[in-house]
Amino acid sequence: MNVLLIGPPGSGKGTQGERLAARLGLEHIAAGDLLRAEVRAGTPLGRQVVEFMQRGDLVPDVIIISLVMPKVLAAASGAGYLLDGFPRSVEQAREARALAERVGASPDAVLYLDVPREELIRRILHRAEIEGRADDNPQTVANRLQVFNDATAPLIDYYRGRGILHVIDADKDADEVTEAIIGVLQAAA
Ligand SMILES: Nc1ncnc2c1ncn2[C@@H]1O[C@H](COP(=O)(O)OP(=O)(O)O)[C@@H](O)[C@H]1O
Ligand SMILES: [Mg+2]
């Protein structure tokens with residue numbers, strides 16, 4: 001099984017991604033984590049993306065696609081993937097689809113983690129105190145929410161149109177959300 005997790009910043013993609021991958025035996029691929037690892041390691045790719053990330057803007061499509069898609073294709077030929085943070089726009093989804101379709105690596109289910117804006121902001125500001133992520137300051141958070149609304153939210157209709165979208169009420173505690181998702185995936189399988 002191949003699963004995409006989409007949702008605004010603070011919606012719980014990272015938390016749910018890890019748990020679901022462990023429970024379902026899928027490979028967890030997190031676009032933001034891969035980018036942060038490149039930045040930390042000071043690679044040429046990391047240097048190219050750091051400013052986009054600090055502003056909360058999407059990094060260029062060619063960069064994220066070349067980083068994520070080899071891992072996606074490899075995971076799909078094994079246990080399957082649980083992909084979080086990619087695609088983040090309809091354009092990225094189209095490019096990924098062109099690469100994935102030929103090798104049977106297309107997503108079987110897309111989970112949209114639905115959380116009201118006030119709760120997102122509350123969670124991110126709470127996380128900022130604990131983790132100190134460079135892009136969890138109020139100005140960058142506002143831009144990340146805007147980028148989600150403008151670029152990423154259109155994916156909801158895109159995947160609904162393909163018949164694989166599941167809207168998850170993620171305004172609940174993490175355990176409840178995990179169980180709800182497992183139920184949805186079992187019913188869909
Ligand atoms: N698919 C992507 N396309 C472009 N940029 C991305 C993508 N995924 C992550 N990024 C960059 O990494 C940042 C952090 O991503 P991520 O950790 O997934 O955030 P969150 O989980 O809070 O939504 C984004 O704000 C963006 O700059
Ligand atoms: Mg994340």
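UniProt positions are given in the numbering used here, and the annotations may be inferred rather than shown by experiment. The structure is a predicted model. In the UniProt record, an unreviewed entry, the annotation "binding site" covers Arg36, Asp57, Leu58, Val59, Gly85, Phe86, Pro87, Arg88, Gln92, Arg133 and Arg144. These positions span 109 residues of sequence and are also spread in space, with up to 24.9 Å between C-alpha atoms. From this set, Phe86 and Pro87 belong to the lining of the largest cavity.

Leu58 lies in the loop that links helix 3 (44-55) to helix 4 (61-76). Pro87 is found in the loop between strand 3 (81-84) and helix 5 (90-101). The peptide bond that leads from Phe86 to Pro87 is cis, with omega near -5 degrees. In general, most peptide bonds are trans.

Ligand 1 is surrounded by 19 residues, of which Arg36, Asp57, Arg88, Gln92 and Arg144 are the closest. By residue class, this shell consists of eight nonpolar, three polar and eight charged residues. Helix 2 (residues 31-41) makes the greatest contribution to the shell, with four residues.

Polar contacts to ligand 1 involve both backbone and side-chain atoms of the protein. A polar backbone atom of Asp57 is 2.6 Å from an oxygen atom of the ligand. At Gly85, a backbone N or O atom lies 2.9 Å from a nitrogen atom of ligand 1. The side chain of Arg133 has an N or O atom 3.4 Å from a ligand oxygen atom. On its own, ligand 1 has 560 Å² of accessible area, and the protein covers 96% of this. The space that ligand 1 takes up is the largest pocket.

A further "binding site" annotation in the unreviewed UniProt entry covers Gly10, Ser11, Gly12, Lys13, Gly14, Thr15, Arg127 and Lys172. From this set, the lining of the largest pocket takes in Gly10, Ser11, Gly12, Lys13, Gly14, Thr15, Arg127 and Lys172. Ser11 is located in the loop between strand 1 (3-6) and helix 1 (13-24).

How values were computed
Residues numbered from 1 in each chain as written. Chains lettered and ligands numbered in written order. Predicted model: local features only at pLDDT ≥ 70, side-chain atom pairs only at ≥ 80, totals over all residues. Heavy atoms only, no water. Near = heavy atom within 4 Å. Polar contact = N/O pair within 3.5 Å; in protein donor to acceptor, adjacent residues only side chain to side chain. Areas by Shrake-Rupley, 256 points an atom, 1.4 Å probe, with all protein chains shown as cover. 1 Å grid on protein atoms, 1.4 Å probe; cavity = no way out; pocket = protein on both sides within 12 Å on 5 of 7 lines; lining within 4 Å. Sits in = over half its atoms within 2 Å of the grid points. Helix = DSSP H or I, 4+ residues; strand = E, 2+ residues; numbered from the N terminus. Nonpolar A, V, L, I, M, F, W, Y, C, P; charged D, E, K, R; others polar.
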